[in-house]
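Grab a pencil and take a look at the protein below. Then try the exercises before you peek at the solutions.

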Amino acid sequence: MTVPLFDLPGFDPDQTQPNRSRPVAAGAGRLESPGSVAGSAHEVTFLHTADWQLGMTRRHLDADAAHAYTAARHEAVERIGTLAAEVDAEFVVVSGDVFEDHRVSSKIIRRTLDALGAYGIPVYLLPGNHDPFDAAGIYRSRTFAQACPDNVTVLSGAGVHQVRAGVELIAAPWSHKQPGTDLVAAQVARLAPADAIRVMVGHGGVDALTPGGDEALIGLAAVEAAVDGGLLDYVALGDRHSVTSVGTTGRVWYPGAHEVTNFDHIEQEPGHVLAVTLRRSGSSRDVDVVPHRVGQWSFRTVSADIAGLADIEALRRRLDDIDDKPRVVLGLRLVGSVSVTEGAALDELLEEAADRFASVTRPDGAEDLVVVADDGDLADLGVGGYVREAAEELFDRSGSTDLDEARNARDALALLHRLTGRIR
């Protein structure tokens, strides 16, 4: 059965890359299965993950947060190895986009391969759209070839790869960034019936979830027909960064990114790995899919209507209630209208938040929150003399038809309120 997410609390010198698991049949015609044993029973447990995109950077993180985020993404890779041991997985399959692109540093490549070598079980890497198996790609690089451990196999050749007797991977790798065709369908069309457990490993969007006429989209109907017909037992996809079960079979899945990459209105369930158990005995087949969280960061969107100090204090309480702040990237969506004095209070709150959270950003910009100077802003200052005269001039300029001049005057008034400590 499938556990629903909402219920969960050797080096080949000819190819200049390691390829220790060659396709069983790479030529034209039907793909036969050498591991099939007629009438035998098979069972396998493995981890399905994808979209690590190691080397990714996020522009809204400062240097300290960016360093911590990069470290967390590597630590999540290490936790996948720990999880593999806990669930007694026979192997790990990464369905594309292991690396962000071909420009990642040699340090990232070597540290990643060191982590995978420590898993102690086979690891299969599928080239995806971010890291295709092309001439300039990571998998053909000298660094990768030198550092690749014996347990890591790049699924660079399309077709059947035998894991062991009775268990096979059907690979649909990307050889360049614009395939122009459904790579998964091309492999499904070549499959012949077999008794072995078969896992299709592909990467890309599914037509049922992605609108448009892109010819590279994976056709769900053909995939589900292959599953229903017994040609495939599971379809391990990558590209979508949220855990997603596709279709109605319970056997077509995206695991999502192993660590969050975007805000929660875009990625609903990132930071997971799927533990998959498949059983086949004659015509009887069973599947268990269990998501496990390995990611630790979150990108949280907080929206608020601000119309005064009471709303600002309510926002403060909401931010106080968020756990693990150093690993939370906060995206604030603030709308409304406040006085200069209230705007100064809000600025203080946001400065405090910037110190407490990994990052605080305003996805929609500050223009959604209007600051309007009112008579109370002058009264609250409680100053006289030249300071009072300067404040009155700023107040007059805050109503200027020149938007830049008006904004600068309001900012100066807000700063004056904060310097005098007169925030009501």
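Two notes before you start. This is a predicted model, where local features need pLDDT of at least 70, side-chain atom pairs count only at pLDDT 80 or more, and totals for chains, interfaces and linings use all residues. Residues are numbered from 1 along each chain as its sequence is written, and side-chain values use heavy atoms, with hydrogens and water left out.

**Exercise 1.** Work out what span helix α6 should have, and check it against its end C-alpha atoms.

*Solution.* Start with the naming: helices (H or I, at least four residues) and strands (E, at least two) are DSSP runs, numbered from the N terminus. Next, the rule: the expected span is 1.5 Å times one less than the number of residues. Helix α6 covers residues 309-320, which makes 12 residues, so the span should be 16 Å. The end C-alpha atoms of α6 are 16 Å apart, which agrees.

**Exercise 2.** Find the buried residues of α6 and say what covers them.

*Solution.* Buried means under 20% relative accessible area, exposed over 50%, and partly exposed in between (1.4 Å probe, protein chains only). In α6, that picks out Ile-312, Leu-315 and Leu-319 as buried. Looking down the axis of α6, these buried residues fall within an arc of 60 degrees, so they line one face of the helix. (The arc is taken from the directions from the helix axis to the C-beta atoms.) Their cover includes β15 (298-306), β16 (328-338) and α7 (340-356), where contact means heavy atoms within 4.5 Å.

**Exercise 3.** How do α6 and α7 pack?

*Solution.* Axes are lines fitted to C-alpha atoms, for helices over the stretch in contact, and angles run from 0 to 180 degrees between N-to-C directions. For α6 and α7, the angle is about 10 degrees and the axes are 10 Å apart. The two helices are therefore roughly parallel to each other (angles under 35 degrees count as roughly parallel, over 145 as roughly antiparallel, 65 to 115 as roughly perpendicular and the rest as oblique). Among the residues making the contact are Ile-312, Leu-315 and Leu-319 of α6, along with Leu-346 and Leu-349 of α7.

**Exercise 4.** Which residues of α5 are buried, and which exposed ones sit on the face turned away?

*Solution.* Helix α5 (residues 220-228) buries Leu-220, Val-223, Glu-224, Ala-226 and Val-227. Seen down the axis of α5, they fall within an arc of 155 degrees, so they line one face. They pack against α4 (183-188), β10 (234-238), β12 (252-254) and β14 (284-293). The face turned away from the buried side carries the exposed residues Ala-221 and Asp-228. For Ala-221, the relative accessibility is 60%.

**Exercise 5.** Where are Asp-239 and Asp-324 found?

*Solution.* Asp-239 is in the loop between β10 and β11 (244-245), and its phi is near 130 degrees, a positive value in a residue other than glycine. Asp-324 is in the loop between α6 and β16, with a positive phi near 55 degrees. Asp-239 is partly exposed at 30% relative accessible area, and Asp-324 is partly exposed at 36%.
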